[in-house]
Amino acid sequence: MKIRIDGMETEVTSGETILEAARRAGIDIPTLCYSEAFGGQGVCRFCMVEIEVGGKKRLVASCTYPITEEMEVRTATPAVKEIRRNLVTLLYRRAPDSDLMKKLFQEYNCDRIEPVDPEESCIMCRLCVKACEKVGANAISTVLRGTEKRVATPFDEGSEECVGCSACADICPTGAIPVKEEDGRREIWHRSFEMSRCEECGKHYTTQPVSEHVKEQTELNSSSENICPGCRRKKLAAEMAKVRLHVD
Amino acid sequence: MAVNSQQAADRQAIEKIVNSYPPERRFTLAIMQDLQKHFNYLPKEALQMTAVHVKAPLSAVFSMATFYKAFSLVPKGRVILKVCDGTACHIKGSNVMIDEIYKTLGIKPGETTPDGEFSLETVNCLGACALAPVLVANEKVYAKITPAVLRDVIKKYQGVEQ
């Protein structure tokens, strides 16, 4: 099937989202709550585009809208631009302490607005909750609702399920989840974890429950190496350098 | 001893409620409604046991428990006073009623008296605007209330033990 995105004809498979098709065609649609690892969530609505099917125009979230028929997609119409600008204004109002929102606020030339809480930096994109779910810990979730909604552990206490992997903080686009690493310990979500050292460089790189969790998940035996991503890369590169291609 | 036996009784009550539903995630809400009805709030232990029973993460159960206004994580009073603060009741002086309750019981909306007798809530509309201002005390509706009526209602409930 063929669709047109910003006047460019592109081949798509049925069921694929507009965002996927556009990115493959090299057309950038801005997103906030999207991660290739999880697919579209449809939370932030930043990826809204205009579609035209059979002469009718409407606005859809491109990250969750599956293409099932021929259509014309426009990613930068005045209506779409206005929505993005409004979204940035509102998210900046909510999360003024985030560098990302400060940058976008400038970029989209938004009108000045009084922030709700000058120290807030969470934009409620839910990527952290999704990451925690994918890790298999399910330690955090959104609590309360409406303007009071936030991400937290049950009862705002240390969660037994948390392994201290910091996937939530790593994926957070606005750096809203505090992680403290000091003296071989990592503090996150009201808990403190002892960290593991890399067998190569000796640096602390993950928490002990994570090492165990990974072993459980991948059924690696205890003799497998505990090395940090940096050293692993170096080691693999060194091994690759030794590989000789035998092409006859 | 007394505290321990109370704990054991609570635990049994939770178990009874939780186990009366099949261990499936879709019954989470129903279990929590029964728990709320029995305890007037959702005890921490109850949420933990619910999560185990329906095989859902505690974070998901907690998320649901905090999402719905019908649930409370702190004990609610024996008598729940709901003052309607919808448009009609608001115009007819519901804020005066809320002030009157504060004067008599010392609680604001969302609060419970220290003796665990009364809780005050505001609701956005009860659909009985012709009866404004409306008060609901433990499901019983009081129409066209005045501060004097309010004091009588409170006095009546103070006297009645369940």
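Two strands count as paired if DSSP finds at least two bridges between them. With that in hand, here are some close-up views of this predicted model.

**View 1. The open sheet of chain A.** Five strands make up this open sheet, in the order β2-β1-β5-β3-β4 (chain A), and their pairing is mixed. At the edges stand β2 (8-11) and β4 (56-61) of chain A, each with a single partner strand, so one side of each has no neighbour in the sheet. On average, neighbouring strands are turned by 30° against each other, direction ignored.

View 2. Look here for strand β3 (residues 48-53) of chain A, which is joined to β4(A) by six bridges, the two running antiparallel.

**View 3. The largest nonpolar core.** This core has 70 residues. Those that touch the most other members are A:Ile18, A:Cys47, A:Cys128, A:Cys132, A:Ile140 and B:Leu47. Zoom in on A:Cys47 and, leaving aside residues up to four places away in sequence, you will find that A:Cys47 touches A:Leu19, A:Ile29, A:Pro30, A:Thr31, A:Tyr34, A:Ala61, A:Ser62 and A:Cys63. Another core, of 17 residues, lies apart from the largest one; among its members are B:Val83, B:Cys84, B:Leu105 and B:Ile154. In soluble globular proteins, nonpolar side chains tend to be buried together.

**View 4. Where chain A meets chain B.** Twelve residues from chain A and nine residues from chain B take part in the contact. On the side of chain A that touches chain B, six residues are nonpolar, four are polar and two are charged.

**View 5. Chain B on its own.** Seven helices and four strands are found in chain B. Starting at the N terminus, its elements follow the pattern α-α-α-α-β-α-α-β-β-β-α. The C-alpha trace of chain B spans about 50 × 35 × 20 Å along its principal axes. Of the 162 residues in chain B, 30% are buried. Among the contacts in chain B with a separation of 6 or more, 60% are between residues 24 or more positions apart.

Terms used: Residues are numbered from 1 along each chain as its sequence is written. Chains are lettered from A and ligands numbered from 1 in the order in which they are written. This is a predicted model: local features need pLDDT of at least 70, side-chain atom pairs count only at pLDDT 80 or more; totals for chains, interfaces and linings use all residues. A residue is buried if 20 or more other C-beta atoms lie within 10 Å of its own, exposed if 12 or fewer, and partly exposed in between; C-beta atoms are placed from the backbone. Two residues are in contact if their C-beta atoms, placed from the backbone, lie within 7 Å. Axes are lines fitted to C-alpha atoms, for helices over the stretch in contact, and angles run from 0 to 180 degrees between N-to-C directions. Ala, Val, Leu, Ile, Met, Phe, Trp, Tyr, Cys and Pro count as nonpolar, Asp, Glu, Lys and Arg as charged, and the others, Gly among them, as polar. A nonpolar core is a set of buried Ala, Val, Leu, Ile, Met, Phe, Trp, Tyr and Cys residues joined through C-beta atoms within 7 Å.
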